[in-house]
Amino acid sequence: MKFDRPTILFLLLAGFFIANAIIAEFIGVKIFALEETLGLAPFDWNLFGQSGSLNFTAGVLLWPVVFMMTDIINEYFGKRGVRLLSYLVVGLIIYAFLFAYLAIGLTPASWWVGIQADQGVPDMQAAFAVIFGQGQWIIVGSVTAFLIGQIIDVSVFHRVRRVTGDRMVWARATGSTLISQLVDSFVVLYIAFVLGPQQWSTELFLAVGTVNYVYKFVVAIALTPLIYLGRALIDAYLGPEQSQALKARAAAGA
């Protein structure tokens, strides 16, 4: 069976998009200190009567890439392509966590439980459960925020595209990402930590959400050149005729 170049392109973009989203979910259990990672002095922020340092989930390394991929897929395959992959990602994330919970419930081999004791992990079963058994409120918050963010990203992208045409790629790509991630940043925290068992105060919710969004804002701006690079590589791969045909079809909402 022979696939044409647009089909191969969609499969490659879809695979990368799905893999990044699922990996981001699983590595998100780790919280890292940005200042210490970069070798900088701690930055103490003060917002809404709250204070803290720049601590983020490791998932923030990949979520900006996922949203950037959304814009590239949107450019060539339109709303239908992005929505198909977004619903697929949500289903696969739920599927992945379902089997993670099933794996946690399996009775561990007695020799395996202490196999990494000399590495500082006395109980592998407990470690496995903590890493892969993320709270249900966090999972629900994350997938809900992702899906809402994707819908907003697609809508804003095409609204800007209707005004700018094929010009000003940064306006529709980075602009839609900044708006969608604003919503994403607060929805996930609200569901996971305000509605969830921890019952965060409004001030803490607003402070942490603002800090997270500022980080995503800076990263989204920094990734803008990669959108142009990705577009250039795809145009070269497809050729001018196929590239323009795909973008025209995507813009028309086909």
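Predicted model: local features only at pLDDT ≥ 70, side-chain atom pairs only at ≥ 80, totals over all residues.
Some ground rules. Residues are numbered from 1 along each chain as its sequence is written. Local features need pLDDT of at least 70, side-chain atom pairs count only at pLDDT 80 or more, totals for chains, interfaces and linings use all residues, and side-chain values use heavy atoms, with hydrogens and water left out.

Confidence, then. The chain's mean pLDDT (the predictor's confidence in each residue, from 0 to 100) is 90, and 99% of its residues reach 70 or more.

Helices here are DSSP runs of H or I, at least four residues, and strands are E runs of at least two, numbered from the N terminus.

Which residues of α9 are buried? Thr-224, Ile-227, Gly-230, Arg-231, Ile-234 and Leu-238, where buried means under 20% relative accessible area, exposed over 50%, and partly exposed in between, with a 1.4 Å probe and protein chains only. Down the axis of α9 these buried residues fall within an arc of 110°, so they line one face of the helix; the arc is taken from the directions from the helix axis to the C-beta atoms. On the face turned away from that buried side, α9 carries exposed Pro-225, Leu-233 and Ala-236.

Last, confidence by element: lowest in strand β3 (residues 50-52), at a mean of 86, and highest in helix α4 (residues 110-113), at 95. And the largest pocket: α7 gives the largest share of its lining, 6 residues.
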